[in-house]
Amino acid sequence: MADKIIEINNLDISFKTTAGLVHAIRGINVDLEKGETVAIVGESGSGKSVTMKAAMGILASNAVVNSGEILFHYTDDDGQPAMVDILQKDKRWIRNNINGRRISMVFQDPMTSLDPTMTIGKQIMEGMIWHYKTPKKEAWDKAVGLLKEVGIEDAQKRMKQYPHQLSGGMRQRVVIAIALACDPDLLICDEPTTALDVTIQAKILELIKKVQKERHIAVIYITHDLGVVATVADYVNVMYAGKIVEVGNVNEIYYDPKHPYTWGLLSAMPDLDTDDDRLYTIPGSPPNLLHEVKGDAFAARNKYAMKIDDEADPPMFQVSKTHWAATWLLDPRAPKVQMPKELSDRIERMKEAVRSAGKSID
Amino acid sequence: MPENQSTKEPILKVTDLKQYFKISDSYTVKAVDGVSFDIYPGETYGLVGESGSGKSTIGRAVIRLYDPTDGRIEFDGMDITGKMSRKNENTLRTRMQMIFQDPMASLNPRKTVGDIVAEGLDIHHTYKTHEERNQMVSEILKKVGLSPEHRSRYPHQFSGGQRQRVGIARALIMNPKLIIADECISALDVSIQAQVVNLMKDIQQETGTAYLFIAHDLSMVKYISDRIGVLHLGHLLETGTKDEIFDNPLHPYTRSLLSAIPSPNPIFEKGRISETYDYKTSGINYSEGTYHHISGQHYVKCTDEEFNKWNS
């Protein structure tokens with residue numbers, strides 16, 4: 001077994017609200033090895049951000065962890081391999097040992113995640129000085145190096161500037177530089193490019209990929225954009241209503257999806273070759289998790305739903321060594337159902353494009 | 001694509017539109033700098049560009065939320081630049097409608113959906129009896145996939161997709177000939193986006209309304225539009241049918257924009273590097289360019305020299 005960096009096992013979280021308990025995360029499992037990239041895909045409210053906030057120990061105060069563990073593997077201060085369950089540690093320990101130091105996070109909107117009253121340089125050096133007591137001179141030099149690494153020219157000058165003096169793409173580069181300042185083992189990117197233009201988005205994704213390769217760190221992407229996922233991810237987890245409904249490597253998810261929700265997500269997004277008259281849509285909207293879900297949470301929106309979907313939640317069925325999906329359609333007793341034609345046509349087209357470019361699908 | 005386009009009169013004709021914002025005595029932002037395009041009845045014209053390129057400003061100038069600095073906007077054969085006659089203003093305010101980006105911010109939280117949708121009717125007194133008004137509201141709600149019972153509810157009682165349907169109903173009830181959709185799906189989830197886009201297409205087929213579709217999601221723009229205009233820094237750099245733009249992009253900016261679109265094809269995506277385009281170092285001066293005809297309806301804004309270079 002290669003080096004695991006984080007294992008989320010059977011995580012289950014509720015939120016206390018005035019309207020009652022909202023069961024936001026309903027037993028999820030995520031594994032990640034060093035140097036890998038995993039993407040968590042889902043609509044808003046599916047629980048993807050909450051999962052990662054739990055891993056960072058920054059859950060809102062009304063959150064209740066019902067069960068589960070988040071095991072994080074790291075090298076401790078004496079250079080020994082160590083493992084910790086983040087959910088069992090207090091905020092202070094996490095603050096000192098995990099946040100920004102071993103796991104850091106890149107948020108969606110760089111204008112809100114940067115402090116408008118602090119210079120860029122000070123914000124990059126902050127973490128190093130706080131965590132490692134790096135001397136100021138050394139921290140300054142390292143920060144300049146980081147700015148160059150993330151592709152900012154005139155680094156010396158930028159160090160003394162404030163966030164409002166930079167463009168959106170530049171700001172997100174600064175946020176990435178801050179995240180890398182303490183040499184983390186794991187980088188969590190929560191919708192890192194949603195607030196950016198498409199040209200800048202492409203550049204930021206290329207940057208994160210480059211940094212990941214050079215530093216050999218693990219990256220978790222949280223996003224709803226399947227185009228972004230195809231660009232960056234090794235493995236994909238598709239989340240729906242607080243559960244992971246399909247997991248597999250990126251080729252399995254895009255060329256051989258099994259769950260009707262994944263079918264819907266993939267076909268609802270037009271690609272450049274889509275010329276169908278209508279887009280395939282998933283009817284309705286996600287369930288309200290305030291009410292306990294009976295059976296499969298997706299059943300109400302699923303035109304392939306069977307009687308059993310209303311009664312029992314499907315287990316994860318194994319498709320291949322790395323590919324699992326939670327849908328009763330994969331049960332041997334279920335009728336054989338094909339994915340929607342729009343999608344199978346598109347997958348055929350994509351495979352054709354890959355073949356004609358002389359690459360192979362494995 | 002509407003047939004016999006050359007014989008049809010455009011519903012909207014924008015000529016050399018300029019929209020400047022004076023910040024101080026010495027500083028003026030030229031948000032839109034000499035943009036011309038036409039929209040024909042029943043078609044969808046997509047405007048794309050990065051933030052700050054002026055696409056929303058164009059939408060707002062066209063519907064006269066702003067006073068254009070210079071240029072001419074003709075809607076349905078009448079001049080709507082400068083001071084309008086009462087009759088023209090009335091026509092503009094009924095026959096051109098707008099759908100906004102964030103439905104929560106654009107719907108009055110203290111009004112019922114029925115009143116929100118009927119506001120245009122109330123202002124323009126287009127009904128005779130109260131029953132007629134309610135009848136019209138119910139019909140339009142049904143058309144956008146809501147039910148008449150939703151009339152008495154408030155915006156917060158709806159989901160994001162339903163709220164955007166209310167926004168569409170509000171625009172539709174005036175029987176518009178042109179709807180300006182300013183990023184109207186970007187705040188919605190992927191699965192909901194598809195529902196709204198399908199609805200917009202259905203409505204267009206049924207009512208023959210034209211759309212000015214402003215967005216930054218290029219795959220969606222390509223899917224919904226008949227023709228596309230590419231904006232950058234207030235200049236319309238390239239315009240043409242969607243196939244002309246996507247199959248044969250000429251301007252380096254268009255090319256960099258298209259190369260940046262992520263596609264859901266992982267094997268392809270892994271090795272792809274997007275083209276870089278920087279206006280400052282590209283040596284291109286947008287203001288010196290004039291429109292050059294390439295083929296069909298495909299035009300690019302550049303100097304003669306650049307045109308020869310790119311088109312070779």
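Tutor: Strand β6 of chain A pairs with strand β7 (residues 186–190) of chain A in the parallel sense, over 4 bridges. Strands here are DSSP runs of E with at least two residues, helices are runs of H or I with at least four, and both are numbered from the N terminus; two strands pair if DSSP finds at least two bridges between them. This is a predicted model, in which local features need pLDDT of at least 70, side-chain atom pairs count only at pLDDT 80 or more, and totals for chains, interfaces and linings use all residues. Residues are numbered from 1 along each chain as its sequence is written, while chains are lettered from A and ligands numbered from 1 in the order in which they are written.

Within this part, A:I103 stands opposite A:L186 in β7(A). Helix α7 (residues 168–180) of chain A packs on the sheet and touches both β6 and β7 of chain A; a contact requires C-beta atoms, placed from the backbone, to lie within 7 Å. The direction of α7(A) makes about 175° with that of β6(A), where axes are lines fitted to C-alpha atoms, for helices over the stretch in contact, and angles run from 0 to 180 degrees between N-to-C directions.

As for the whole sheet, 8 strands of chain A form it in the order β6-β7-β8-β3-β9-β10-β12-β11, open and with mixed pairing. Its edge strands are β6 (103–106) and β11 (317–318) of chain A, each pairing on one side only.

Elsewhere in chain A, strand β1 (residues 4–17) and strand β4 (residues 63–75) pair antiparallel over 8 bridges, with A:V64 in β4(A) as the bridge partner of A:S14.

Key
Two residues are in contact if their C-beta atoms, placed from the backbone, lie within 7 Å.
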